[in-house]
Amino acid sequence: MKIRFGVSIHGELSGVPELPALRIAELSGVRLTEPGFRLPTALKRKEIFLCDREDRRLYRTLGEAGIGVKQDFYRLCSKRAAAAATCGVRSVSLAPDPADLPGLRPVLGVLCGIAEKYRLPLALEVRIPGPAAEPEAFASFRRALLYPFRTMCVLYPHEPGALEAVEKFAARFRFDCDMIRVCFDAAAGNYLSETLCRRLVKLLRPAGSADPVMIFDPGPGADGTVYAELDKLAGMGAAV
């Protein structure tokens, strides 16, 4: 099984070193529409993924918002999608709160239409650990949609019950566990061990013809040294 490893980058892109084992660079979608945005040389040869974590609060009210607010949101998404297509973005993950998903069904339909126009694959995020029934409810909702969303499991491995929760999710929803973002706070002294990485790698499952993906998210305080250590970890994980 071939796994593609990546890293989520919060800070200045210019400080990111060469990372040969990390094939994916995950960025905020907001970056693409910033004036003068350009990918640094170290990232130009990587697959670019986007996440829209900044829009989480907006999703909470978008389901019941007026048509004017929704149209503004769709225009913003279209602008980002056009920029993403220009940069060769390979995946975009949406991060609404699971509790808001049922009311967002029409909105997700429009977003799928925008993504299809620009040939951008979409993923929906599920936080692990979360409320006890969240992963099951999320998986049922995603499967009921008529849109081709993948699932991005957003794992916080240092929280109580996190590994047990993701193991249960991977066992029950085999083909919904092919993309994992592993979140930790490097600036606060959290780290990922080789043992933990190998354990998580074994949970990844292929979904159709897509290769499994594991993205390390070291938080906004990460620096070049942290990225380099994660690149070494990805090199070891790839050998599992």
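This report walks through the fold of one protein chain and then looks at a handful of its residues.

## About the model

The structure is a predicted model, in which local features need pLDDT of at least 70 and side-chain atom pairs count only at pLDDT 80 or more, while totals for chains, interfaces and linings use all residues. Residues are numbered from 1 along each chain as its sequence is written, and side-chain values use heavy atoms, with hydrogens and water left out.

## The chain as a whole

Let's start with the big picture. The protein chain holds nine helices and eight strands; these are DSSP runs numbered from the N terminus, with helices being H or I of at least four residues and strands being E of at least two. Its radius of gyration is 17 Å, close to the 18 Å that the globule rule gives for 240 residues, so the chain is as compact as a globular protein of that length. (The radius is taken over C-alpha atoms, and the rule is 2.2 Å times the number of residues to the power 0.38.) Along the principal axes, the C-alpha atoms fill a box of roughly 50 × 45 × 35 Å.

Of the 240 residues, 50% count as buried. Here buried means under 20% relative accessible area, exposed means over 50%, and partly exposed is in between, with a 1.4 Å probe and protein chains only. The accessible surface comes to about 11,500 Å², and 54% of it belongs to carbon and sulfur atoms; such areas come from the Shrake-Rupley method with a 1.4 Å probe, and for residues only the protein chains shown count as cover. Among contacts with a separation of 6 or more, 76% are between residues 24 or more positions apart. A contact means heavy atoms within 4.5 Å.

## Two helices side by side

Helix α7 (residues 162-172) packs with helix α8 (residues 194-201) at an angle of about 20°, and their axes are 11 Å apart. The axes are lines fitted to C-alpha atoms, for helices over the stretch in contact, and angles run from 0 to 180 degrees between N-to-C directions. The pair is therefore roughly parallel. For that wording, angles under 35 degrees count as roughly parallel, over 145 as roughly antiparallel, 65 to 115 as roughly perpendicular and the rest as oblique.

On the α7 side, the contact is made by Leu163, Val166 and Glu167, and they meet Leu196, Arg199 and Leu200 of α8. Sorted by class, this contact has four nonpolar, no polar and two charged residues. The nonpolar class is Ala, Val, Leu, Ile, Met, Phe, Trp, Tyr, Cys and Pro, the charged class is Asp, Glu, Lys and Arg, and the others, Gly among them, are polar.

## Buried residues in the strands

Phe5 sits in strand β1 (residues 4-8) and is buried, with 1% relative accessibility. Its C-alpha atom is 9.0 Å from that of Ala25, 20 residues apart along the chain.

Cys51 is buried at 1% relative accessible area, and Ile48 is buried at 2%. Leaving out residues up to four places away in sequence, Cys51 touches Glu26, Leu27, Ser28, Gly29, Ser93, Glu125 and Arg181. With neighbours within four places likewise set aside, Ile48 is in contact with Ala25, Leu27, Leu39, Leu43, Val89, Arg90 and Ser91.

Ser28 lies in strand β2 (residues 24-28), is buried with a relative accessible area of 7%, and has Leu50, Cys51 and Glu54 as contacts once neighbours within four places in sequence are left aside.

Arg31 is found in helix α1 (residues 29-32) and counts as buried at 13% relative accessibility. Not counting residues up to four places away in sequence, Arg31 touches Ile9, His10, Gly11, Glu12, Leu13 and Phe37. The C-alpha atoms of Arg31 and Ala83 are separated by 9.8 Å, although the two are 52 residues apart along the chain.

Arg119, by contrast, is exposed, with a relative accessible area of 77%. Its place is in the loop between α5 (105-117) and β5. If you are checking backbone angles, Arg119 has a positive phi of about 55° although it is not a glycine.

## A cis peptide bond

One more backbone detail is worth a look. Ile128 and Pro129 are joined by a cis peptide bond, with omega about 0°. Pro129 lies in the loop between β5 (122-128) and α6 (134-144).
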